[in-house]
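Join me as I look things up one at a time.

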Amino acid sequence: FGEVGLRVLHRLAKKGVKVLDASSVAEDAAKKQLADAKASLDEGATAFSDNDFDGALSSAASALKLFEQGPAYTEDDDAWALYRDILSLRALSYLKLKKKRDADEALRALLVVLPRYAPNREKAPPDIVRHVEDMKDELRSLPPTTIEVKSKPAGARVLVDGRARGRSPLLVDDLAPGIHYVAVEAGGGRYTERLIVGDAGARIDARLGSKKGAAAHDVIAALSKPTTAKT
């Protein structure tokens, strides 16, 4: 940051203000988790090809756990493509094991988050195509549910299932009941939550830090690029 910038950061630190950008740290961690999740999914795909369907489910579960630790709270298209592939592998493996109910639950979780998902009709097994259509019909028959998001400070950026939905306070009112992934970001502070949302909806009250913390984040952002002496 230069000598002046370092002095500013030093003074902020002495006053007890956290100047670390939590969003940047979380992004770096999510990239590592995404790479590890992809590796687990590859192992699952290999197991499935070898007709080891229990092994495929185990690897898919590991991949999903890694996804939910970080990539689920980003806008990364690769992360959400991975989520699609994880749930698809779970559904296929359950169908091979004659566990229709579990397969339907996997597809439900996928469609709750990615309602436009559609398997490739030329390549996907007919069972998957049929189950996806049945599950879409079921979800369409349900009234939408809501997530109310409030934050302190207000005006935080809200992501739901990898999509930017606006600034807090915010009511997201077009969701299907099920598991959703919410991230709230402002002033270097970050709040994430995996929510099981029922018919009654859900509410988030995210505390993202103090005004001093937000100010410190703004200082870091300003000093990370060429800054005039006047500024």
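**Ground rules.** I began with the elements: helices (H or I, at least four residues) and strands (E, at least two) are DSSP runs, numbered from the N terminus. This is a predicted model, where local features need pLDDT of at least 70 and side-chain atom pairs count only at pLDDT 80 or more, while totals for chains, interfaces and linings use all residues. Residues are numbered from 1 along each chain as its sequence is written, and side-chain values use heavy atoms, with hydrogens and water left out.

**Overview.** I found seven helices and seven strands in the protein chain. Read from the N terminus, their order is α-α-α-α-α-α-β-β-β-β-β-β-β-α. I then looked up burial, where buried means under 20% relative accessible area, exposed over 50% and partly exposed in between (1.4 Å probe, protein chains only). Of the 231 residues in the chain, 41% count as buried.

**Two cis prolines.** I looked for cis peptide bonds and noted the one from serine 168 to proline 169, with omega near 0°. Proline 169 sits in the loop between strand E3 (163-167) and strand E4 (170-175). The bond from lysine 152 to proline 153 is cis as well, with omega near 0°. Proline 153 belongs to the loop between strand E1 (145-152) and strand E2 (157-160).

**Positive phi.** Asparagine 51, in the loop between helix H2 (22-49) and H3, has phi near 65°, a positive value in a residue other than glycine. Asparagine 51 is exposed, with a relative accessible area of 57%. Aspartate 161, in the loop between E2 and E3, has phi near 55°, again positive in a residue other than glycine. Aspartate 161 is buried, at a relative accessible area of 6%.

**Aromatic rings.** I used this pairing rule: rings of Phe, Tyr and Trp (its six-membered ring) pair if their centres lie within 6.5 Å; planes under 30 degrees apart count as stacked, over 60 as edge-to-face and the rest as tilted. The rule gives eight aromatic pairs. In one of them, the rings of tyrosine 73 and tyrosine 181 have centres 6.0 Å apart and planes at 75°, so the pair is edge-to-face. Tyrosine 73 lies in the loop between helix H3 (53-69) and helix H4 (77-96) and tyrosine 181 in strand E5 (residues 178-186), so the pair ties together parts 108 residues apart in sequence. Both tyrosine 73 and tyrosine 181 are buried.

**Helix H4 and its partners.** For axes I took lines fitted to C-alpha atoms, for helices over the stretch in contact, with angles from 0 to 180 degrees between N-to-C directions. Angles under 35 degrees count as roughly parallel, over 145 as roughly antiparallel, 65 to 115 as roughly perpendicular and the rest as oblique. The axes of H4 and helix H5 (residues 100-113) come within 7 Å and cross at roughly 165°. That makes H4 roughly antiparallel to H5. With helix H6 (residues 126-140), the axis of H4 comes within 11 Å and crosses at roughly 115°. H4 and H6 are therefore roughly perpendicular to each other.

**Who touches whom?** Contact means heavy atoms within 4.5 Å. Ala91, Leu92 and Leu95 in H4 meet Asp127, Ile128 and His131 in H6. My last stop was serine 59 in helix H3: leaving out residues up to four places away in sequence, serine 59 touches Ser40, Glu43 and Gly44. Serine 59 is buried, with a relative accessible area of 11%.
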